[in-house]
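This briefing is for a reader who is meeting the structure for the first time. Please keep the sequence and the model in view while reading the points below.

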Amino acid sequence: MSTEFLPWAGAVLVAGGVAVTWAARLAPSAGTKGAARFSELVPGGRFLVCGVAGCGEVLLHIPVGDGRWECTHCSTVTGGGS
């Protein structure tokens with residue numbers, strides 16, 4: 001094998017690999033299998049830390065009036081004037 005042929009063979013292999021990669025990514029069967037599904041945020045909703053021991057995460061809370069917030073996960077109402 002000639003040494004002049006090797007760079008061309010390498011270039012062809014790289015270009016072929018790129019073509020196969022892009023074809024696989026653009027194929028309809030590739031789809032979005034693991035993609036997250038997003039929905040609109042509830043009007044006035046905020047992500048707050050839930051103070052309940054069983055919940056205790058940053059989750060969506062919706063306003064229920066007087067500065068109080070209801071956790072959409074555990075339905076606990078917190079905040080506001082006591």
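In this predicted model, S75 lies in the loop that links β3 and β4, and its phi is positive, at about 65 degrees, although S75 is not a glycine. S75 counts as partly exposed because its relative accessible area is 47%, a value between the 20% and 50% cut-offs.

- Is D66 buried or exposed? D66 is exposed, because its relative accessible area of 70% lies over the 50% cut-off.

**The sheet and its pairings**

- Four strands make up an open sheet in the order β1-β2-β3-β4, and their pairing is antiparallel.
- The edges of this sheet are β1 (46-49) and β4 (77-79), each of which pairs on one side only.
- Neighbouring strands of the sheet are turned against each other by 50 degrees on average, with direction ignored.
- β1 is joined by four bridges to strand β2, which covers residues 58-65, and the two run antiparallel.
- Within this pairing, L48 stands opposite L59 in β2, while F47 has L60 of β2 as its bridge partner.
- β2 is joined to β3 by four bridges as well, again with the strands running antiparallel.
- Across that pairing, H61 stands opposite C71 in β3, and I62 stands opposite E70 in β3.

**The two faces of β3**

- Which residues of β3 are on its covered face, and which are on its uncovered face? W69 and C71 belong to the covered face, whereas R68 and E70 belong to the uncovered one.
- In a regular strand, side chains alternate between the two faces of the sheet.

- V18 is found in helix α1, which spans residues 5-26.
- V18 is partly exposed, because its relative accessible area is 44%, between the 20% and 50% cut-offs.
- Together with V14, W22 and L26, V18 makes a nonpolar surface patch of about 440 Å².

**Confidence of the prediction**

- The protein chain has a mean pLDDT of 79, and 88% of its residues reach 70 or more.
- Confidence is lowest in α1, with a mean of 81, and highest in strand β3 (residues 68-71), at 89.
- Where pLDDT is low, the predicted coordinates should not be read in detail.

Definitions and conventions:
Residues are numbered from 1 along each chain as its sequence is written. This is a predicted model: local features need pLDDT of at least 70, side-chain atom pairs count only at pLDDT 80 or more; totals for chains, interfaces and linings use all residues. Side-chain values use heavy atoms; hydrogens and water are left out. Patches are made of residues with over 30% relative accessible area and no salt bridge: like charges are joined within 9 Å, nonpolar side chains (Val, Leu, Ile, Met, Phe, Trp, Tyr) within 5 Å. Accessible areas come from the Shrake-Rupley method with a 1.4 Å probe; for residues, only the protein chains shown count as cover. A salt bridge is a side-chain nitrogen of Lys or Arg within 4 Å of a carboxyl oxygen of Asp or Glu. Buried means under 20% relative accessible area, exposed over 50%, partly exposed in between (1.4 Å probe, protein chains only). Two strands pair if DSSP finds at least two bridges between them. Axes are lines fitted to C-alpha atoms, for helices over the stretch in contact, and angles run from 0 to 180 degrees between N-to-C directions. pLDDT is the predictor's confidence in each residue, from 0 to 100.
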